[in-house]
Amino acid sequence: MITAFQLANIIYTGPGALEKVAETIKAQGLKKPLVVTDKGIVKAGLAQKLTEVLSDENIDYAIYDETVANPNEKNVEDALALYQKDGCDCLIGLGGGSSMDTAKACGILATSGGTIDQYRGMGLLKAPIPFYIAIPTTAGTGSESTSASIITNTREDHHRKMVILDGRLLPNVAVIDPLLMTGLPPAITASTGMDAMTHAIEALISFYSTEYTDVLALGAIKLIFKYLRRAVGNGNDLVAREKMAYAQTMAGMAFTNAGLGLVHSMAHPLSAFYNIPHGYANAVCLPAVLDYNKIVCRGKMRAIAEAAGLTDLGAYPEDTGCEVVQRLNDDVGIPRTITEVGALIGVSVDVKDIEAMSKDALNELSTMTTPRTPQLNEVIELYKKCW
């Protein structure tokens with residue numbers, strides 16, 4: 001079987017990497033980036049750190065800061081309008097996955113035209129997006145190393161996540177500076193960290209995993225087991241922040257090449273229906289789906305337990321693999337149920353939505369690469385188990 005492996009052209013990682021942004025723009029002969037971010041990033045002073053780097057090199061810029069969690073088509077259209085009105089010629093995504101997904105989707109419309117729902121699926125872009133620099137401020141989504149953009153469609157009968165996959169969405173440059181992550185609150189550190197863990201684990205057990213992706217996925221899993229608790233416990237632990245930054249990017253490289261699985265298929269409807277943050281949606285579904293999948297991937301479940309540092313795995317190491325993931329969830333404060341997550345973020349969840357969400361989950365692209373083929377009744381039962 002012939003496999004393919006894609007990644008960003010260049011990835012700068014380490015404290016102070018933000019300084020590479022202006023150098024990169026000038027080297028490409030570009031004049032004016034649109035910075036796509038959100039109000040939280042602006043309030044935290046992180047956007048200012050970037051704009052100071054740009055201003056120091058006399059680089060003009062425009063800022064779109066209206067991105068919301070689980071961004072929608074209006075975010076994409078508004079960002080595009082500003083990109084065109086201000087005569088921008090390149091894009092910078094600054095923030096978590098929402099900002100980077102919006103920047104990518106804005107780039108799609110800038111060069112391919114039409115509406116963003118036209119590109120739901122795989123390989124549907126008509127042209128490369130404009131030169132794109134990704135700058136993550138959380139250690140979770142891995143969007144700086146993926147060929148995906150996920151946008152919520154709010155114009156259908158019910159909200160639905162649109163997964164857009166195309167190799168031309170990979171950033172030209174990723175800039176990963178752990179100094180941008182030190183101010184993250186513990187809860188965001190935990191949920192984004194478990195998002196990265198979900199990416200790594202689903203890439204590892206994916207039907208399309210390869211030797212390349214397995215090494216990256218297992219490396220990320222080991223780093224997350226070792227450093228996520230530290231990053232949650234002390235947000236100023238720069239070593240833990242840097243290791244988690246590496247982990248999320250490695251996990252992103254793994255899953256953009258191997259695919260994901262049923263956890264993401266179930267998490268996307270939770271975010272679309274209830275606006276549950278993607279990291280929480282993944283984390284709360286992960287243990288149950290692993291328990292469901294373990295029958296077909298015992299060896300890799302054993303590898304997960306070993307990556308957690310365990311040596312005495314007993315007669316059923318696949319069970320131990322599930323247990324160590326649940327223990328990590330518990331240690332970093334992730335609720336055990338969807339209802340508890342809803343209460344935490346102030347939204348009401350309704351079991352009546354389970355069947356509709358289960359149907360959406362079966363139609364997700366990620367279900368194509370999950371290691372065990374699910375039936376509708378099984379997805380319904382998994383949602384109930386997590387509820």
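Q: Is the crossing of α14 and α15 right-handed or left-handed?
A: This is a predicted model, and in it the crossing of α14 and α15 is right-handed.

Q: At roughly what angle do the axes of those two, α14 and α15, cross?
A: The axis of α14, which covers residues 354–362, crosses that of α15, residues 376–386, at roughly 120°, and the two axes come within 9 Å. Angles of 65 to 115 degrees count as roughly perpendicular and those over 145 as roughly antiparallel, so α14 and α15 are described as oblique to each other.

Q: Which residues make that contact between α14 and α15?
A: From α14 there are Ile354, Glu355, Met357, Ser358, Lys359, Ala361 and Leu362, while α15 brings Leu376, Val379, Ile380, Tyr383 and Lys384. Sorted by class, the residues in this contact of α14 with α15 are 8 nonpolar, 1 polar and 3 charged.

Q: OK, switching to pockets: what volume does the second largest pocket have?
A: The second largest pocket has a volume of about 200 Å³. Its lining consists of Val284, Pro287, Ala288, Asp291, Cys322, Glu323, Gln326, Arg336, Thr337, Lys385 and Cys386.

Q: Which elements give two or more residues to that lining?
A: Those elements are α10 (278–293), α12 (317–331) and α15, and the largest share of the lining, 4 residues, is from α10.

Q: And how many of the lining residues are charged?
A: The lining of the second largest pocket has 4 charged residues, alongside 5 nonpolar and 2 polar ones.

Q: Back to α12, then: how do α7 and α12 lie relative to each other, roughly parallel or roughly antiparallel?
A: The axes of α7 (residues 211–233) and α12 come within 10 Å and cross at roughly 15°, and α7 and α12 are therefore roughly parallel to each other. The crossing of this pair, α7 and α12, is left-handed.

Q: What meets what there, between α7 and α12?
A: On the α7 side Ile224, Phe225, Leu228 and Arg229 meet Val324, Val325, Arg327, Leu328 and Asp331 of α12, and by class this contact of α7 with α12 holds 6 nonpolar, no polar and 3 charged residues.

Q: Last one: where is Tyr12 found?
A: Tyr12 is in strand β1, residues 10–13. Setting aside neighbours within four places in sequence, Tyr12 is in contact with Ala17, Lys20, Glu23, Thr24, Val173, Ala174, Val175 and Ile176.

Note on methods. Residues numbered from 1 in each chain as written. Predicted model: local features only at pLDDT ≥ 70, side-chain atom pairs only at ≥ 80, totals over all residues. Heavy atoms only, no water. Axes fitted to C-alpha atoms, helices over the stretch in contact; angles between N-to-C directions. Parallel < 35°, antiparallel > 145°, perpendicular 65-115°, else oblique. Left-handed = near helix turned anticlockwise from the far one by under 90°. Contact = heavy atoms within 4.5 Å. Nonpolar A, V, L, I, M, F, W, Y, C, P; charged D, E, K, R; others polar. 1 Å grid on protein atoms, 1.4 Å probe; cavity = no way out; pocket = protein on both sides within 12 Å on 5 of 7 lines; lining within 4 Å. Points joined across faces, edges and corners; volume = space filled by probe spheres on them.
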